[in-house]
Amino acid sequence: MAIWIIVLSVIGFIVMGIDKSRAIRHKWRIRERTLWILTIVGGGLGTFLGMMIWRHKIRKLHFVIGFAIFALMDGYFLLSAIYNFGTIHMKG
């Protein structure tokens with residue numbers, strides 16, 4: 001689970017940067033649905049961080065709130081997975 005969240009978060013961060021770059025240059029854009037799917041399946045930390053760093057989609061309240069919620073959930077799952085991994089290996 002931890003690897004999944006980390007990989008998708010890195011991808012989400014990169015995708016947000018690419019979409020911001022394309023928006024600035026008035027080029028073909030990544031669909032909002034794609035950004036949401038990436039966020040929902042485990043990339044919430046990366047897409048939220050990308051949104052804040054690249055200052056992309058920050059005017060859309062549903063993105064700010066939604067991505068923040070999924071980032072918190074992914075953070076919880078990531079910390080739980082790391083904690084449980086450590087607990088299992090310490091016992092045994």
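Predicted model: local features only at pLDDT ≥ 70, side-chain atom pairs only at ≥ 80, totals over all residues.
Modeller: Residues are numbered from 1 along each chain as its sequence is written, and side-chain values use heavy atoms, with hydrogens and water left out.

Biologist: How many helices and strands does the protein chain have?

Modeller: There are 3 helices and 0 strands, in the order α-α-α from the N terminus. A helix here is a DSSP run of H or I with at least four residues, a strand a run of E with at least two, and both are numbered from the N terminus.

Biologist: What makes Arg29 and Asp19 a salt bridge?

Modeller: The term requires a side-chain nitrogen of Lys or Arg within 4 Å of a carboxyl oxygen of Asp or Glu. For Arg29 and Asp19 the N to O distance is 3.0 Å, and the side chains therefore qualify. Since Arg29 lies in the loop between H1 and H2 and Asp19 in helix H1, the pair ties together parts that are 10 residues apart in sequence.

Biologist: Why are Glu32, Lys57 and Lys60 called a network?

Modeller: These residues are linked by salt bridges: Lys57 pairs with Glu32 at 3.0 Å between the closest N and O atoms, and Lys60 pairs with Glu32 at 2.4 Å. Both Lys60 and its partner are placed in distant parts of the chain, Lys60 in the loop between H2 and H3 and Glu32 in helix H2, 28 residues apart. Lys57 is buried at 12%, while Glu32 is partly exposed at 29%.

Biologist: What makes up the largest nonpolar core?

Modeller: A nonpolar core is a set of buried Ala, Val, Leu, Ile, Met, Phe, Trp, Tyr and Cys residues joined through side-chain atoms within 4.5 Å. The largest one has 11 residues, including Val15, Ile30, Leu35, Trp36, Leu38, Phe63 and Phe67. Helix H1 (2-24), helix H2 (32-54) and H3 each supply at least two of its residues, and the largest share, 4 residues, comes from H2. Beyond neighbours within four places in sequence, Val15 is in contact (heavy atoms within 4.5 Å) with Ile30, Leu35 and Leu38. Trp36, Phe63 and Phe67 also form one aromatic cluster.

Biologist: Which residues form the nonpolar patch on the surface?

Modeller: The patch consists of Met1, Leu61, Ile65, Ile69, Met73, Tyr76 and Phe77, with about 740 Å² of accessible area together. Patch members need over 30% relative accessible area and no salt bridge, with like charges joined within 9 Å and nonpolar side chains (Val, Leu, Ile, Met, Phe, Trp, Tyr) within 5 Å. Met73, in helix H3 (residues 61-91), has 36%, so it passes the area cut-off and counts as partly exposed.

Technical notes:
Phe/Tyr/Trp six-rings, centres within 6.5 Å; stacked < 30°, edge-to-face > 60°. Areas by Shrake-Rupley, 256 points an atom, 1.4 Å probe, with all protein chains shown as cover. Buried < 20%, exposed > 50% of the residue type's maximum accessible area, 1.4 Å probe, protein only.
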